[in-house]
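Here are my notes on the model, as numbered points. Please read them with the structure open.

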Amino acid sequence: MSILVHETTRLMVQGITGDFGARHARLSLDYGTQLVAGVTPGKGGQVFEHNGFKVPIFNTVAEAAKQTGATVSAIFVPPPFAADAILECYDADLDLAVAITEGIPVRDMVRAKRAMAGRRTRLIGPNCPGLVTPGRGDKSHGGCRIGIAPGYIHRRGNVGVVSRSGTLTYEAVWQLTCRGKGQSTCVGIGGDPVNGTSHLDVIKLFNDDPETDAIIMIGEIGGNAEVEAARWIKAHCKKPVAGFIAGATAPAGRRMGHAGAVIGGAEDTAAAKIKIFEECGISVAATPSDMADALLRIWKG
Amino acid sequence: MNIHEYQAKTLFEKFGVAVPKGAAVQTAKEIEGALAQLDGTNGYMVKSQIHAGGRGKGTFTNGFKGGVKFSATKEKALENAQAMLGNTLVTAQTGEAGRKVQTIYFTEAANLGKRPDGRDDEYYLAILLDRATSCPVIVASTEGGMEIEHVAHHTPEKIFKVQVDPAVGLQSFQARQIAFSLGFSGEIFKQCVTLVTKLYQFYWDKDCAMVEVNPLLVTKEGKLLALDAKVSFDDNALFRHPDVVALRDLNEEDAKEIEASKFGLSYIALDGNIACLVNGAGLAMSTMDIIQHFGGSPANFLDVGGGATKDQVTAAFKIILGDANVKGIMVNIFGGIMDCNVIALGIVEAVKETGLKLPLVVRLEGNNVEAGKATLAASGLTIVSGDSMADAAQKIVKLVNNK
């Protein structure tokens with residue numbers, strides 16, 4: 001298995017008729033992902049066509065789920081309407097809502113996250129690259145690609161990758177693939193201060209997944225999420241973990257692109273997090289070029 | 001987005017949060033009129049309005065000491081204001097260049113009360129997001145008027161926190177908990193409950209990132225007042241607050257950062273001499289890190305986002321070259337979806353257009369990377385190619401340090 005999504009997972013895209021959503025819907029179809037529905041309010045009944053694929057468009061998430069059996073949604077809706085789109089997923093009892101949208105107001109996310117507490121729908125993101133479970137075909141074709149990651153850089157295998165950042169995830173994945181090490185699932189949890197799924201949530205899933213043998217965890221300055229995950233790893237994780245923390249040179253109090261990447265206090269710095277990683281037995285990559293090798297130093301695959 | 005103290009206090013008043021009466025001026029000729037509106041029985045406070053902290057202990061480049069001054073008389077207030085207005089204030093947070101003071105805020109000085117133990121009757125109050133719980137949290141302390149980080153480190157028992165459930169908002173009992181935790185009773189207790197309630201309403205309604213009142217004080221006359229006000233807003237929510245956007249003061253922002261934002265670039269200037277241009281925030285941060293790891297010093301954070309078009313790359317080069325400290329550039333692009341050759345063509349055009357003479361190392365990875373590298377090689381320009389992030393960082397550090 002893999003975690004969260006698999007080759008057979010049926011996906012819908014909210015905002016499939018927008019430029020951004022449409023572009024990535026096409027790439028997911030080309031990758032062989034089971035993209036079975038689109039949702040754009042007011043455009044129900046239309047069809048999204050690409051390379052011979054015909055994806056029906058629905059007015060609501062509930063209708064799309066009912067008609068097509070889609071259990072997961074990728075959200076490409078503009079920021080002012082994105083929290084509403086997320087809440088529509090939990091109303092429809094989906095398994096997973098993946099919010100790609102960048103720039104959602106924090107207050108909207110605070111309310112959305114509170115509303116989803118205790119519900120079955122899991123949120124990943126927002127402001128995230130999404131997730132990929134690589135397929136077994138050429139260049140990992142046939143996998144489940146949700147979001148904006150390049151599919152072809154993956155390779156099916158046994159390393160789980162979790163990260164806040166998109167391009168750093170691709171960097172780690174590409175390093176693994178170039179060394180012949182494939183991935184079970186790669187999860188981008190997003191760079192916002194309020195997100196649906198934390199590093200720790202994903203680490204726990206990897207720990208329980210029989211296909212995942214080793215883990216790469218990529219973090220940043222700001223917040224306590226990586227530290228929380230590292231402490232849990234020390235106490236409970238059965239699998240080797242390598243880690244990297246970005247932002248060693250970031251000045252305090254400045255937002256480094258991601259809304260969540262701000263050094264708030266002494267505990268937030270890269271140096272403090274790296275120290276805790278090391279104390280927790282995580283193999284720390286000295287540079288972002290060293291992420292796959294940091295894992296291979298403690299895991300032979 | 002940050003705003004000035006006088007703007008924050010105007011908003012506080014609108015929401016019913018008690019503040020000392022005040023008036024702001026931008027020109028010398030407004031000073032007398034502003035002072036005439038205020039009651040100077042207890043004297044006046046004359047406060048330089050810049051976004052950076054540490055104003056009270058700051059020094060002006062003309063030698064005048066103190067960006068916040070108590071003035072016993074109207075004449076003294078006028079004199080102090082004239083010394084500050086239009087001059088440059090250097091504080092611990094402004095850097096050596098300092099900030100030009102373009103607004104002076106006068107307030108009626110408060111008659112600070114004393115606690116039974118003789119200490120000033122000052123408190124601390126803030127509202128912000130608690131990332132661990134994804135809920136707003138109200139932070140209060142009996143130790144006002146000092147750095148809250150200091151209090152948290154040395155006397156954590158003097159910090160009280162109340163977490164607000166966003167489903168129902170701040171409850172009355174929670175406002176009472178804050179007022180009790182600060183040791184208030186009677187009339188001041190009631191004022192505190194009101195102030196906390198109104199302040200939370202302001203924080204929530206206006207999409208604030210943080211509201212901080214330090215100090216919150218009790219006057220001898222028995223009034224609870226927000227003596228200082230620090231407010232920042234969630235940039236992502238500005239679209240629904242045009243009244244807040246109108247308070248933006250571009251004089252307080254870095255000109256290069258403003259220019260960068262026009263092209264969808266996220267840019268932050270640093271002190272080093274190796275500029276970088278990267279796609280993605282996480283990769284941009286770690287590109288700075290890897291430059292430092294190999295003995296260099298990064299000049300900036302620059303994220304071109306997912307696109308990296310020719311126009312963006314050209315704009316980015318121009319912004320980078322506007323920094324006289326820059327002695328070399330490292331471009332680091334993981335072109336997952338986009339065609340690396342398109343990026344390479346953009347880089348070549350940008351180098352030609354800007355007449356770049358500094359060493360340039362480019363690391364391209366991803367889609368159609370071989371064609372991209374060939375484009376760079378065939379350009380006739382002295383662009384060094386890096387095979388990995390580590391390789392590129394080592395090359396640019398060597399090129400810059402050996403000059």
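**Notes on the predicted model**

1. Start with the interface. In this predicted model, 41 residues of chain B are in contact with 46 residues of chain A. On the chain B side, the elements giving two or more residues are β14 (266-269), α9 (281-293), β16 (300-303), β18 (360-366) and α13 (389-401) of chain B. Helix α9(B) gives the most, with 11 residues. By class, the chain B side holds 21 nonpolar, 13 polar and seven charged residues.

2. Next, the domains of chain B. The assignment gives domain 1 (21-108), domain 2 (122-245) and domain 3 (255-401). How far apart do the C-alpha centres of domain 1 of chain B and domain 3 of chain B lie? The separation is 43 Å.

3. Strand β8(B) covers residues 122-130, and β9(B) covers residues 135-141. They run antiparallel and are joined by seven bridges. One pair to look at is Leu128(B), whose bridge partner in β9(B) is Val137(B).

4. Check the turn of that hairpin. Four residues lie between strands β8(B) and β9(B). Ser134(B), in this hairpin, takes a positive phi near 60°.

5. Strand β9(B) has another partner to follow. Five bridges join β9(B) to β10 (residues 159-163) of chain B. These two strands also run antiparallel. Here Ala140(B) has Phe160(B) as its bridge partner in β10(B). Taken together, β9(B) is bridged to β8(B) and to β10(B).

6. Turn to chain A. It is divided into domain 1 (10-124) and domain 2 (153-296). The centres of these two domains of chain A, taken over C-alpha atoms, are separated by 26 Å.

7. Which elements give two or more residues to the side of domain 1 of chain A that touches domain 2 of chain A? They are α4 (106-116) and β7 (122-124) of chain A. The largest share, four residues, comes from α4(A). The contact joins seven residues of domain 1 of chain A to seven residues of domain 2 of chain A. The domain 1 side divides into five nonpolar, no polar and two charged residues.

8. For a second look, I would go back to two places. One is α9(B), with its 11 residues on the side of chain B that touches chain A. The other is α4(A), with its four residues on the side of domain 1 of chain A that touches domain 2 of chain A.

How values were computed
Residues are numbered from 1 along each chain as its sequence is written. Chains are lettered from A and ligands numbered from 1 in the order in which they are written. This is a predicted model: local features need pLDDT of at least 70, side-chain atom pairs count only at pLDDT 80 or more; totals for chains, interfaces and linings use all residues. Two strands pair if DSSP finds at least two bridges between them. Domain bounds come from an automatic or database domain assignment. Two residues are in contact if their C-beta atoms, placed from the backbone, lie within 7 Å. Ala, Val, Leu, Ile, Met, Phe, Trp, Tyr, Cys and Pro count as nonpolar, Asp, Glu, Lys and Arg as charged, and the others, Gly among them, as polar.
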